[in-house]
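Subject: A structure for you to look at

Hi,

Here is the structure I promised to pass on to you. Please open it next to this email and follow along as you read.

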Amino acid sequence: MDREHSADNRNRFLLPLMAVLLVLLLILLFMIWSVLSGTMQIPVLEAEPTPTFTPAPTRVNLAEYYHFIETQQIPVYDHREGRLIVMDFETYIIGVVGAEMPVGYAPEALKAQAVAARTYALRKILRGGCQTYPEAAVCTNSSCCQAFISDSRMEERWKDAAGMNYNTIAEAVMSTVGEVLVYHGEIVDAMFHACSGGRTENSENVYANALPYLRGVESPYEDPMRTQDVEVSFEEAVEKINTAYPDAKVSMDNIRSAISLPEIFPSGRVKTVRLGEIEIVGKKLRPVFDLQSAMFTVETTDTGFIFHVKGYGHGVGMSQNGANGMAKHGSTYQEILKHYYTGVTIEGDLNHALPSDSPAATPEA
Ligand SMILES: [Zn+2]
């Protein structure tokens with residue numbers, strides 16, 4: 001009886017034990033299958049990207065912002081040299097102003113450019129940095145971030161004048177150190193262009209978004225006003241249009257009446273172009289005929305077309321030539337910026353910033 005009883009006991013425990021082992025085995029087989037088939041991933045330790053930078057505060061908190069500007073070294077990808085260079089934020093801004101605006105422009109225009117370039121860079125950084133080179137805060141390719149000129153390239157370009165030019169640009173940057181353009185608490189998208197042709201453009205007429213501070217405004221003092229006449233023979237026009245837009249179906253038989261401009265924005269920029277059998281937005285004709293801006297008219301001659309173009313660039317935000325003209329007519333950089341960026345305030349003035357533990361500001365004289 002006792003022996004039978006103990007055998008019963010063994011069976012009573014053995015069966016559930018085997019069942020548990022079977023379940024564990026099935027789970028193990030399932031996990032192996034999951035890993036092999038890729039449905040489960042084994043965590044992999046990834047090497048930390050070097051160097052890293054701390055994203056800027058997303059809203060403008062001046063104390064955080066001062067700290068960011070004063071302490072940040074940012075990784076800048078030099079696309080000409082193909083390497084990452086770590087530098088002070090304001091040193092980077094000196095290189096941007098030197099590359100983006102002629103150094104001979106009036107000092108107040110250079111200051112306006114410094115604030116616009118700083119604002120543009122900071123917004124880019126706080127939105128995650130350069131999109132082409134993820135390891136960089138910004139890159140030096142103007143079609144991605146902003147153009148930049150290094151000290152050594154300043155020497156190549158400006159020779160003996162390099163030191164003097166550097167000091168001129170550094171003066172514009174350091175006399176506005178920390179200052180950025182803000183609209184209702186947000187760092188603005190401080191777009192700028194070489195020359196508006198007399199009036200800047202609403203952002204939504206060129207890009208997707210209508211931004212309240214990027215409104216078309218008069219730009220009365222463009223100095224120098226950029227114009228361009230582009231002559232194209234009918235043969236060239238047929239070839240270029242067919243290459244870019246085969247659906248337009250232009251030929252030597254119909255080319256004389258193939259280009260017309262049915263819609264023009266109030267600024268004078270072309271809204272739509274009829275091109276043979278299709279219609280395209282005005283700015284898309286720019287690359288087809290290397291037009292410097294979308295502010296153009298077209299003249300038909302006996303042998304081809306002449307595009308009469310005013311301005312240079314997209315036309316949104318600050319016109320650099322217009323800024324130079326305003327400066328020569330006595331405007332300060334603050335007046336220039338507030339003219340081209342509707343409703344903005346200028347914040348972050350580090351030259352007059354107080355240490356955060358100072359309880360009260362001394363009123364300025
Ligand atoms: Zn970039």
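**What I found**

Let's begin with helix α4, where 17 of the 20 residues are buried, so the helix is largely enclosed by the rest of the structure. Please keep in mind throughout that this is a predicted model.

You can check the length of α4 yourself. Just after α4 comes Gly128, with a positive phi of about 110 degrees.

Now for the chain as a whole. It has 365 residues, and 44% of them are buried. Its secondary structure comes to 10 helices and 14 strands. If you take the contacts with a separation of 6 or more, 64% are between residues 24 or more positions apart.

**Around Phe192**

Is Phe192 buried or exposed? Its relative accessibility is 12%, and buried means under 20%, so Phe192 counts as buried. Which residues does Phe192 touch, leaving aside its neighbours within four places in sequence? They are Glu100, Gln113, Ala116, Gln146, His314, Val316, Met318, Gln320 and Tyr341.

**Helix α9**

One of those contacts, Gln320, is also among the buried residues of helix α9. This helix covers residues 320-328 and is mostly covered, with 8 of its 9 residues buried. Besides Gln320, the buried ones are Asn321, Gly322, Ala323, Asn324, Gly325, Met326 and Ala327. What covers them? The elements over the buried residues of α9 include α3 (89-100), α4, β6 (192-193), β13 (318-319) and α10 (333-340).

Next, find α5 (residues 151-158) and α6 (residues 162-174). Their axes come within 9 Å and cross at roughly 125 degrees, which makes α5 oblique to α6. The crossing is right-handed. On the α5 side, the residues that meet α6 are Asp151, Met154, Glu155 and Trp158. Their partners in α6 are Ala162, Asn165, Tyr166 and Ile169. Sorted by class, this contact has 5 nonpolar, 1 polar and 2 charged residues.

**Some backbone details in the loops**

- The loop between β6 and β7 (227-233) holds Pro224. The peptide bond from Asp223 to Pro224 is cis, with omega near 0 degrees.
- The loop between α7 (234-244) and β8 (259-264) holds Lys249. Lys249 is not a glycine, yet its phi is positive, at about 50 degrees.
- The loop between α8 (286-289) and β11 (295-300) holds Asp290. Asp290 is not a glycine either, and has a positive phi of about 55 degrees. Its relative accessible area is 57%, and exposed means over 50%, so Asp290 is exposed.

Enjoy exploring, and write back with any questions.

Best wishes

Key. Residues numbered from 1 in each chain as written. Predicted model: local features only at pLDDT ≥ 70, side-chain atom pairs only at ≥ 80, totals over all residues. Heavy atoms only, no water. Axes fitted to C-alpha atoms, helices over the stretch in contact; angles between N-to-C directions. Helix = DSSP H or I, 4+ residues; strand = E, 2+ residues; numbered from the N terminus. Parallel < 35°, antiparallel > 145°, perpendicular 65-115°, else oblique. Left-handed = near helix turned anticlockwise from the far one by under 90°. Contact = heavy atoms within 4.5 Å. Nonpolar A, V, L, I, M, F, W, Y, C, P; charged D, E, K, R; others polar. Buried < 20%, exposed > 50% of the residue type's maximum accessible area, 1.4 Å probe, protein only.
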